[in-house]
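Visitor: I would like to go through this structure by asking what lies behind each label. Could you set each value against its cut-off as we go?

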Amino acid sequence: MPILLLLLLLAAPHARAQDSLYAQVEVREVYVCDSTTRAGVIPDFKSSACIRAEGQFISPYKRHIWVVATLIAPRVMAESQQPLGFFLSAKASSTLWLNGSKLGSNGLPARTRDHEVPGKMDTAFALPPNALKAGKNDVIIEMSGHHSIIRFWPRYT
């Protein structure tokens, strides 16, 4: 299944609707790289192995890829006292970094099926306080989908 990059506010249940900051992060400059490095080694996203993604749908089906995206967060979200999280929906294993800090892993992405540990389809990575900055933020995602048995739609980037 292609992934959809989303940064969500995982608001406490008592948060008022008008305080919700959902969907206020702007996604810009998404690049996808087929893996040319060993798992866990962040590639040079300016290499010829990387292409700019025209949309937010990226397929890790039967491959090991890296994704980098620039996110623009409003000040109100960065300064919010509400818990924040990064929601990733992908039929893949994944590891996620925000502004150079590793947020966590879902399964274990790898270059081959034998080395991959499958992840859950939907995952929320908790953001530590002050991890999200007002303005520009860089998200890097390593992912692989070698254990997928169904291609949900044609391969996108």
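Guide: Let us begin with Asp-34 and Arg-63, whose side chains meet in a salt bridge with a distance of 3.1 Å from N to O. This is a predicted model, in which local features need pLDDT of at least 70 and side-chain atom pairs count only at pLDDT 80 or more, whereas totals for chains, interfaces and linings use all residues. Residues are numbered from 1 along each chain as its sequence is written, and side-chain values use heavy atoms, with hydrogens and water left out.

Visitor: Why is the contact of Asp-34 and Arg-63 called a salt bridge?

Guide: The term asks for a side-chain nitrogen of Lys or Arg within 4 Å of a carboxyl oxygen of Asp or Glu. The N to O distance of 3.1 Å between the side chains of Arg-63 and Asp-34 meets that limit, and therefore the pair counts. The two residues come from distant parts of the chain, 29 residues apart, with Asp-34 in strand β2 and Arg-63 in the loop between β4 (57–58) and β5; strands here are DSSP runs of E with at least two residues, numbered from the N terminus.

Visitor: How many salt bridges does the structure hold?

Guide: The structure holds four, among them the pair of Glu-79 and Arg-75, whose side chains meet at 3.6 Å, N to O. Both Glu-79 and Arg-75 are exposed. Another one is formed by Lys-136 with Asp-138, and since the closest N and O atoms are 3.8 Å apart, this pair too falls within the 4 Å limit. Asp-138 has a relative accessible area of 31%, and so it is partly exposed.

Visitor: How do you know that Cys-33 and Cys-50 form a disulfide?

Guide: A disulfide is a pair of cysteine sulfur atoms within 2.5 Å, and the sulfur atoms of Cys-33 and Cys-50 are 1.8 Å apart, so the pair qualifies. A search of the whole structure finds one disulfide.

Visitor: Why is the disulfide of Cys-33 and Cys-50 given a handedness, and which one is it?

Guide: The torsion about the S-S bond is about 100 degrees, so the disulfide is right-handed. With relative accessibilities of 1% for Cys-33 and 12% for Cys-50, each of these cysteines counts as buried, because both values are under 20%.

Visitor: What makes β2 and strand β3 a pair?

Guide: Two strands pair if DSSP finds at least two bridges between them, and β2 and β3 (residues 50–52) are joined in the antiparallel sense over three bridges, so they pass that test. In β3, the bridge partner of Val-32 is Ile-51. Strand β2 (residues 26–34) also pairs in the antiparallel sense with strand β5 (residues 64–73), here over seven bridges, and the partner of Glu-26 in β5 is Ile-72.

Visitor: Which strands stand at the edges of the sheet, and why?

Guide: The open sheet is formed by six antiparallel strands in the order β3-β2-β5-β10-β7-β8. In that sheet β3 and β8 each have a single partner strand, so one side of each is left without a neighbour, and these two stand at the edges.

Visitor: How many bridges join β7 to β10?

Guide: Six bridges join these antiparallel strands, and in β10 the bridge partner of Trp-97 is Ile-140. Trp-97 also has a partner in β8, namely Lys-102, where five bridges join the antiparallel strands β7 (residues 93–98) and β8 (residues 101–106). In the hairpin of β7 and β8, which has two residues between the strands, Asn-99 takes a positive phi near 50 degrees.

Visitor: What makes the phi of Asn-130 worth a remark?

Guide: Its phi is near 70 degrees, a positive value in a residue other than glycine. Asn-130 lies in the loop between β9 (122–127) and β10 (135–144), and its 72% relative accessibility is over 50%, so Asn-130 counts as exposed. Lys-62 likewise has a positive phi, near 55 degrees, and its place is in the loop between β4 and β5. With a relative accessible area of 40%, Lys-62 falls between the two cut-offs and is therefore partly exposed.

Definitions and conventions
Helix = DSSP H or I, 4+ residues; strand = E, 2+ residues; numbered from the N terminus. Buried < 20%, exposed > 50% of the residue type's maximum accessible area, 1.4 Å probe, protein only.
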